[in-house]
Amino acid sequence: MDDFIAKILDTLKTSGFPHKRVSLPTERMYEAADNKGLNFNQVLEQLKAEHQIEAEIRTEKIIFSQTLAQNPQDMMKQAQEMMAKMNPTELKKIQEMFSNMTPEQKEEILKKGKDLGIL
């Protein structure tokens, strides 16, 4: 099962995950799992438990998205991990975006951080 999950993770990453939601064809995913003797629903459960990946199953496609952190510590850890993966250009863009915000917008962001207990 681990090889199959690794292939799904590679496919998702190639398509812009976790920064973007990614969809894959439902029927094809179930068939691929079945061809490997796997239960695709169990694969989805393992993706959620071990990789914090949600899957919304629709008729034609399965939409994968990153599970939201459950508490402020998880959110802070997730933000730090994302920032550590960013290149200097991306970090600079975020800094510029923050510096171009109005004082009210900055205040709102800081307030939300305090409300969540991360600031």
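Student: Which residues of S1 are on its covered face, and which on its uncovered one?
Tutor: This is a predicted model, and in it Val 22 and Leu 24 make up the covered face of S1, while Ser 23 and Pro 25 make up the uncovered one.

Student: Why that pattern, in general terms?
Tutor: In a regular strand, side chains alternate between the two faces of the sheet.

Student: And in what sense do S1 and S3 pair?
Tutor: The pairing of S1 with S3 is antiparallel and runs over four bridges; within it, Val 22 has Phe 64 of S3 as its bridge partner.

Student: On to H2, then. Which of its residues are buried?
Tutor: In helix H2, which spans residues 26–35, the buried residues are Thr 26, Met 29 and Ala 33. Because they cover an arc of only 70 degrees around the axis, they lie on the same side of H2.

Student: What covers them?
Tutor: The cover over the buried residues of H2 includes helices H1 (2–14) and H3 (40–51), together with strands S1 (22–25), S2 (53–57) and S3 (61–66).

Student: Which exposed residues sit on the face turned away from the buried side of H2?
Tutor: That face carries Glu 27, Arg 28, Asp 34 and Asn 35 as its exposed residues. Just after H2 there is also Gly 37, which takes a positive phi of about 75 degrees.

Student: Which residues line it, and of what classes?
Tutor: Among the lining residues of the second largest pocket are Phe 4, Ile 8, Leu 24, Arg 28 and Met 29; by class, the lining has six nonpolar, one polar and three charged residues.

Student: Last one, Thr 67: where is it, and is it buried or exposed?
Tutor: Thr 67 lies in the loop between S3 and helix H4 (72–85), and because its relative accessibility is 13%, Thr 67 counts as buried, the cut-off being under 20%.

Student: What does Thr 67 touch, leaving aside residues up to four places away in sequence?
Tutor: With those left aside, Thr 67 touches Gln 52, Ile 53, Glu 54 and Gln 78. As for His 51, its C-alpha is 8.6 Å from that of Thr 67, and the two residues are 16 apart in sequence.

Notes. Residues numbered from 1 in each chain as written. Predicted model: local features only at pLDDT ≥ 70, side-chain atom pairs only at ≥ 80, totals over all residues. Heavy atoms only, no water. Buried < 20%, exposed > 50% of the residue type's maximum accessible area, 1.4 Å probe, protein only. Helix = DSSP H or I, 4+ residues; strand = E, 2+ residues; numbered from the N terminus. Arc of directions from axis to C-beta. Contact = heavy atoms within 4.5 Å. 1 Å grid on protein atoms, 1.4 Å probe; cavity = no way out; pocket = protein on both sides within 12 Å on 5 of 7 lines; lining within 4 Å. Nonpolar A, V, L, I, M, F, W, Y, C, P; charged D, E, K, R; others polar. Pairing = 2+ DSSP bridges.
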